[in-house]
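This report covers selected features of the structure shown below.

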Amino acid sequence: MDKHPLRRWFDLKGWRALLIGVPYLWLILFFLLPFLIVVVMSVATNTPTAPPFSIGGEHPWVNLGPFSRVFTDSLYLRAFMTSVLNAALTAMLCLLIGYPMALALTRVSRGWRTILLMLVILPFWTSFLLRVYAWMGLMGKNSWFNGLLTDSWNFLVPLDWAVKSVPLMNTNFAVVLVMVYTYLPFMILPLYASLERLDPTLDEAAMDLGSRPHQVFWDVTLPQSIPGIVAGGMLVFIPAAGELVIPTLVGNASQPMIGKIIQDEFGQARDWPMASAVAVALLVLMVIPTMLYSHYQARAEGSK
Amino acid sequence: MSEPFLRIDRVSKHFGTFQAVQDVTLDIAKGEIFGLLGGSGCGKTTLLRMLAGFEEPTAGRIFLDGRDMAGVPPWERPVHMMFQSYALFPHMTVEKNIAYGLKHERALTRTQRADRVAEMLDLVQLTAFAGRKPHQISGGQRQRVALARALARQPKLLLLDEPLAALDKKLREHTQFELMSIQERTGVTFIVVTHDQEEAMTLSDRIAVMDRGQVMQVGTPTEIYEFPASRFVAGFIGSVNSFDATVLSRSADGLRLDVPALGGEVTARDVPAAVPGQGVTLAIRPEKLRITKDRPEGGNAVAGQVKDLAYFGKDSLYRIALPGALVQAHAVNARRGDEGARVADWDDTVWVAFDPSAAIVLVD
């Protein structure tokens, strides 16, 4: 009794191929293909048509104009700078706040750990927009929060420095503050995952060999948690650099981040090639450090 | 009498209602290899952790070289530990691991430190592996790195937690002798925690057998094996045949016992604590039983039937059914041959004999 060849193929390796194939197909269809369209668009020419670009015909096949503007026009350069600085500052602050929290998570009892981990994830259960609006409410001139800050400021500084209200809304500071708040769990969770794996007897071994607890942290805990720091840093830095909603809602319009620029180029300016060029440049900017990291990571793993 | 090098004075440790260590008193001499032997949960590791400073005793005190160790944190104790898992720092090379403790030795210059590390690498024969990371070397090599790291600061006391447990049998035997020779060369006092009686017997100068937080007996390996003080120690160290017995009489010749399991009277060496009429335990090691085909002259002898035998090559283990008990006897296969090597075969009727001095009489 011979099975159908297709049936045999399925039994042998079909399921395996299917299981591996589906995610790849998904990535190709919904990531690689759209990205290629964006890349093609970025070298097209802006035309008053619908869609507002064309390739070939009377125009040159490849128009590098948008890319040269990305690297020369101060509007884009400043926006890139703002994005990278804000994202780096956010990642740094998330690390400083998140590290002690992640470390504490590994040191508390099992019951507390579950509760605290739940609290870290809890904000995701409410709408992201709602949480940003809540911050807008808090930072606004007439809120109790701003009032409290204003009163404390006025109490602490000389009279001629007194203010009516602390300017929080529509500042770069507000952008970083809300981004830190939003992305903190993305720092805590990978840090917790890497710290939780560490062997506590290594701490004891270091103490036994003469190190005080703070030295144990610098010598043993911190170096071993570098993969967690890098993972958390990238999980915060990459989305923060491309963040659109937070700077739009609480940020300073005269100091835009790159996400806002892309939106404006696509929307108001209807310059799709320009928007695509900025998007591709942003992606390359984000991908290079990631690739460098995985390259070194792979080399470190390879030497194991 | 001079102060012992390490004095553990009536030390107890409770975790909540659990008594991990109860009223342990031990004196350990300088340069000794002292074994702490016991099953899991007997308190040996807790005692070790109190010596290292990771746990504070609930009661009692520990004196090292005359200094009270109460409240001294682990990083200030001249005591280093070799962990069961070795606890090598995975992100540091072998050399950095060994050098780790030395960075706290402020008095040393950079070259002195490097010299000490080189000396330690040489001691454990790992000079060629100095630049490797712990995951790049074998289990036996890791064990030696852990030893070198713990010895680098020249501790007064080295604690070894199951030092050989993670090694395979062949390597374990080799490492045992290596440990002993390193101890001899460095002169550091070793305390070795182990659940393996053979390991404790070969390594240690003296052994403390622990059970449920208490020290049951302290003595040299020979004392512990040949003269166990209690049923627990007799049963824990090596295997033993034990029988209920009643003391019939005491005399200069020895003790006369009634042992129902052996079908009658048995003589043993005199035990001062025994009182006629008292119920005691008679214990005999399997290798101290002689098996013969014919009834031997004098001494204690009981007839039985071979029920089972296991051939190990150099010796054989026999299970012999006596009137009221099944005993184990070990006999060396001194002759060479096909069948003749064994003293007896399945279902043979044999005589089991033992000297009065071979019988251990346990009063408690």
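This is a predicted model: local features need pLDDT of at least 70, side-chain atom pairs count only at pLDDT 80 or more; totals for chains, interfaces and linings use all residues.

Counting C-beta atoms within 10 Å gives 18 others around Pro286(B); a residue needs 20 or more to be buried and 12 or fewer to be exposed, so Pro286(B) is partly exposed.

Beyond its neighbours within four places in sequence, Pro286(B) has contacts with Ser239(B), Asn241(B), Gln328(B), Ala329(B) and His330(B). Gly238(B) lies 48 residues from Pro286(B) in sequence, yet the two C-alpha atoms are 9.3 Å apart in space.

## Chain B as a whole

Chain B contains eight helices and 20 strands. Its C-alpha trace spans about 75 × 50 × 35 Å along the principal axes.

Of the 364 residues in chain B, 37% are buried. Taking the contacts in chain B between residues at least 6 apart in sequence, 65% join residues at least 24 apart.

## Helix H7 of chain A

Helix H7 of chain A covers residues 172–196.

H7(A) has a kink of about 45 degrees at Tyr183(A), shortly before the proline Pro185(A). The helix is mostly covered, with 19 of the 25 residues in H7(A) buried.

Definitions and conventions:
Residues are numbered from 1 along each chain as its sequence is written. Chains are lettered from A and ligands numbered from 1 in the order in which they are written. Helices (H or I, at least four residues) and strands (E, at least two) are DSSP runs, numbered from the N terminus. Two residues are in contact if their C-beta atoms, placed from the backbone, lie within 7 Å. The expected span of a helix is 1.5 Å times one less than its number of residues. The bend at a residue is the angle between axes fitted to the seven residues ending there and the seven starting there.
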